[in-house]
Amino acid sequence: MLVMKFGGTSVANADRIRHAAALVLREQRAVVVVTSAMGGVTDELLRLGACARDRHQADVDALLAEFRRRHETAADEVTDDGPTRRRLRDHVDALVKELRQLAHGVSLLRELSESTADLIVSMGERASAPILAAAITTAGRASEAVDARTFITVRAAGAVDDAASRRAARDRLLPIVERAVPVVTGFVASTKDGRTTTLGRGGSDYTATLVGAWLGARAIWIWTDVDGVMTADPRVVPEARVLDVVSYREAAEAAYFGSKVLHPSTMIPAVESRIPVIIRNTFNPDHPGTRIAEESPQSKLGVKTVTSVADLAMVTVEGSGMIGVPGVAERVFRTTARLGTSVYMVSQASSEHNISFVVNQGDAGGVVEALDAEFELEIARNQVDRVGMIAPVGIVAIIGDGMKGTPGISQRLFTALGRGRINVLAIAQGSSELNLSVVVHADDLRRAVGATHSRFGLTRDTHLVLLGKGLVGSALLRQIIAARSRLASDHGIGLIVSGICGRRDLLLNPGGIEEATLQRVAAGEALDALGGEPRPTDAALFERLAGSRWLDVIVIDVTAEDHGRLHRDALRHGFHVVTANKKPMSGPLDEYETILREAAAHGVTYQFETTFGAGLPALSSLQDLVATCDTVKRVTGCFSGTFGFLCDQLHAGMPLSEAVRAAQARGYTEPDPRDDLNGTDVARKALIIARQLGSKLEMRDIDLEPLVSDELLALPDVDSFLARLPEMDEAMRQRVADAEAGGRVLRFVAEITPERVSVGLRAVSRDDAAGQLSGPDNILVFQTERYDEQPLVIRGPGAGADVTAAGVLGDILKVVRAS
């Protein structure tokens with residue numbers, strides 16, 4: 001036997017009711033259905049009672065008319081059978097008459113008692129159940145509406161009389177199951193003396209689990225409007241995903257701390273009977289949903305879900321006179337109990353100097369006032385310093401059975417919050433280790449959930465926004481396409497290219513740009529031909545990206561533009577930045593320092609390994625040397641694959657002008673070759689290295705000797721420059737000959753100390769490390785206190801779109817792994 005429960009959104013109108021009926025008919029086994037009121041009806045009935053109490057008769061009449069219209073319309077549309085329609089209309093008419101009489105009595109008394117309110121709100125389920133039963137019958141399977149008040153009995157204390165209700169449920173429902181599908185009214189019950197009552201919050205789910213337990217059902221399906229229990233609220237974390245299986249305990253904790261899928265108390269009958277509860281989506285019925293059962297597989301890092309509760313306040317009772325005094329906590333919570341205030345979380349210092357607890361923000365003022373009165377004498381004697389309140393705040397909770405006994409859970413949580421610059425106000429963890437909760441300011445709540453979700457590996461997708469679609473950008477797209485299936489399967493990393501920016505256009509798709517489109521971009525097609533749009537301002541672009549609420553966004557800059565401000569703005573929006581663009585890091589010193597400060601201040605990563613050395617691990621090696629307190633005396637080498645290639649060609653007898661065109665054709669030069677030949681590209685790399693050593697140098701402080709004359713460098717465009725470049729061929733041929741005559745070779749060398757940077761063409765010994773270079777290879781020689789007589793040498797390809805793109809992809813993966 002299967003119990004199916006349909007929530008309000010699943011039976012909100014005739015179309016959805018027919019869809020629910022079709023879902024029932026998909027099952028060949030015996031089915032018992034539990035239904036909620038049509039979506040929104042319960043709220044309207046509560047409002048009707050309030051309007052009647054306040055004698056707003058026009059509103060009462062309007063609400064009654066709307067109640068009649070919605071249910072009569074649904075009744076007429078779910079069945080073509082005339083007698084059935086009349087019977088449903090008569091039933092709705094009887095309910096409306098009863099509601100009108102109740103409203104009249106409430107209005108006369110100007111009082112809405114709890115029992116009368118229960119009777120009024122019960123009308124929603126009592127109206128929807130016969131309509132759903134008629135829809136199931138019309139669809140081809142006999143069905144019968146059953147009023148739960150005939151078998152669910154509630155004691156005076158509000159608890160269900162399990163023994164009596166179990167017998168009555170089996171007597172009432174099992175005979176019907178033999179011939180038809182019972183459609184039970186959720187939420188409603190009756191008292192011992194026959195009065196109508198309700199089962200409280202989550203009442204229809206509770207009805208379903210009670211019925212499932214009493215009838216010995218094999219499973220209980222809760223049809224709702226979400227695919228299942230998720231790793232986080234998708235409104236907060238768009239990348240949240242559905243969990244296949246969670247345990248009863250995990251689901252109860254998640255529900256208590258913000259998950260709207262199930263109320264904790266509704267699962268008790270299923271837990272006691274060990275019946276699995278399956279959460280399924282009425283609007284996506286082929287999705288398997290989430291199975292809630294006794295056991296569930298543990299997640300890799302112990303945490304299954306990150307939940308949150310907003311609109312809260314933290315109340316603190318504090319004072320030196322509380323230390324070692326018994327009964328303080330009892331008085332605090334006796335006060336909240338007297339007010340009927342729910343306490344979400346409690347945190348107390350081991351010194352007993354203070355005790356903090358979290359309540360709904362709307363209740364906090366009354367709680368503080370009551371505690372001031374409770375501790376009036378102690379406050380007057382300065383034994384209690386104050387009763388304080390911080391509002392608004394929120395709770396972030398990490399939940400998982402696998403947390404128990406797993407070292408490092410707290411460290412990982414607080415690392416995530418620390419990197420996000422999020423201050424923790426209070427902490428609480430039970431001895432079960434199933435849940436660890438922290439209180440944060442309301443403004444930090446969304447960021448805290450996102451950072452925590454990422455840190456525990458629950459966010460698997462990283463959104464990439466690529467600036468630049470030239471040689472390096474195209475190579476990077478090809479490498480991402482080739483690598484991402486393996487990254488997903490082997491490492492659980494999802495790389496989604498969500499945006500590509502050219503100079504004038506933008507291609508943006510929040511769900512990810514399709515692979516076929518990425519391939520066409522990589523092949524050189526224009527973005528506007530692929531559905532692109534005019535590129536907005538940087539500020540407008542980042543606002544759109546921020547509005548997407550993606551957790552992990554990496555802005556990737558493979559341009560040669562002056563993007564210092566763009567990088568700062570990206571970091572301020574909480575986006576990581578990976579750059580192969582040297583200009584921001586080698587621009588004005590204050591801009592360089594501001595970029596690094598913004599990254600630290602916003603808890604995001606700024607990776608710039610490929611700003612020199614392409615894919616070589618030069619920057620990270622240098623940073624490790626500095627971090628381990630080694631003293632770097634000197635860095636020398638050839639930092640340009642372009643110049644390495646040119647020097648090889650020159651010594652092979654090729655004229656300079658032809659060598660430059662050959663380098664340009666192979667993608668070894670910047671878009672404007674003069675940015676290489678003037679030495680600026682190498683100077684920028686050298687400046688970045690110097691700044692990593694702590695130097696406060698500007699570009700103007702570098703001793704730079706360009707490869708070509710200032711006159712040629714000053715020409716108005718690239719074509720003019722290339723046309724006149726042969727003028728330099730003879731002079732360069734002579735320099736090559738002079739070097740070779742002395743047993744040397746020409747190399748474009750940078751030399752960096754903490755005090756000075758020089759860059760220029762030098763004749764070096766063939767036995768020197770730089771002299772042994774060939775082709776576009778780079779070499780960096782680190783002379784330090786530890787690596788003095790035998791310096792640390794890093795050598796490898798330093799130019800080429802594929803090599804640089806591979807370095808950029810490596811930086812992307814560093815960001816992902818660190819998040």
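For these notes I call a residue buried when its relative accessible area is under 20% and exposed when that area is over 50%, with partly exposed in between (1.4 Å probe, protein chains only). I am working from a predicted model, where local features need pLDDT of at least 70, side-chain atom pairs count only at pLDDT 80 or more, and totals for chains, interfaces and linings use all residues. Residues are numbered from 1 along each chain as its sequence is written, and side-chain values use heavy atoms, with hydrogens and water left out.

**Entry 1: Ala614**

I began with Ala614, which is buried because its relative accessible area is 4%. I found Ala614 in the loop between strand S24 (606-607) and helix H22 (618-627). My helices (H or I, at least four residues) and strands (E, at least two) are DSSP runs, numbered from the N terminus. I then looked across to Arg597: Ala614 and Arg597 are 17 residues apart in sequence, and their C-alpha atoms are 24 Å apart in space.

**Entry 2: the whole protein**

I counted 30 helices and 30 strands in the protein. The radius of gyration is 36 Å, well over the 28 Å from the globule rule for 819 residues, so the protein is more spread out than a compact globule. That radius is taken over C-alpha atoms, and the rule is 2.2 Å times the number of residues to the power 0.38. Along the principal axes, the C-alpha atoms fill a box of roughly 115 × 75 × 50 Å.

I also noted that 54% of the 819 residues count as buried. Taking contact to mean heavy atoms within 4.5 Å, I looked at contacts between residues at least 6 apart in sequence, and 72% of them join residues at least 24 apart.

**Entry 3: Thr79**

I moved to Thr79, in the loop between helix H3 (57-78) and helix H4 (82-109). Thr79 counts as buried because its relative accessibility is 2%. I saw its side chain reach the backbone nitrogen of Asp81 at 3.1 Å. This is a polar contact (a pair of N or O atoms within 3.5 Å; within protein, one must be able to donate a hydrogen and the other to accept it, and residues adjacent in sequence count only if both atoms are side-chain atoms). Leaving aside residues up to four places away in sequence, Thr79 touches Thr84, Arg85, Leu88 and Thr138.

Phe187 has a positive phi, near 80°, and sits in the loop between strand S5 (181-185) and strand S6 (188-191). Phe187 counts as buried, at 14% relative accessibility.

I placed Asn382 in the loop between helix H13 (376-380) and S15, and its relative accessibility of 60% makes it exposed.

In strand S15 (residues 386-399) I found Pro392. The peptide bond from Ala391 to Pro392 is cis, with omega near -5°.

**Entry 4: Leu417**

Not counting residues up to four places away in sequence, Leu417 touches Ile422, Val424, Val438, Ala448 and Thr452. Ala135 is 282 residues from Leu417 along the chain, and I noted 51 Å between their C-alpha atoms.
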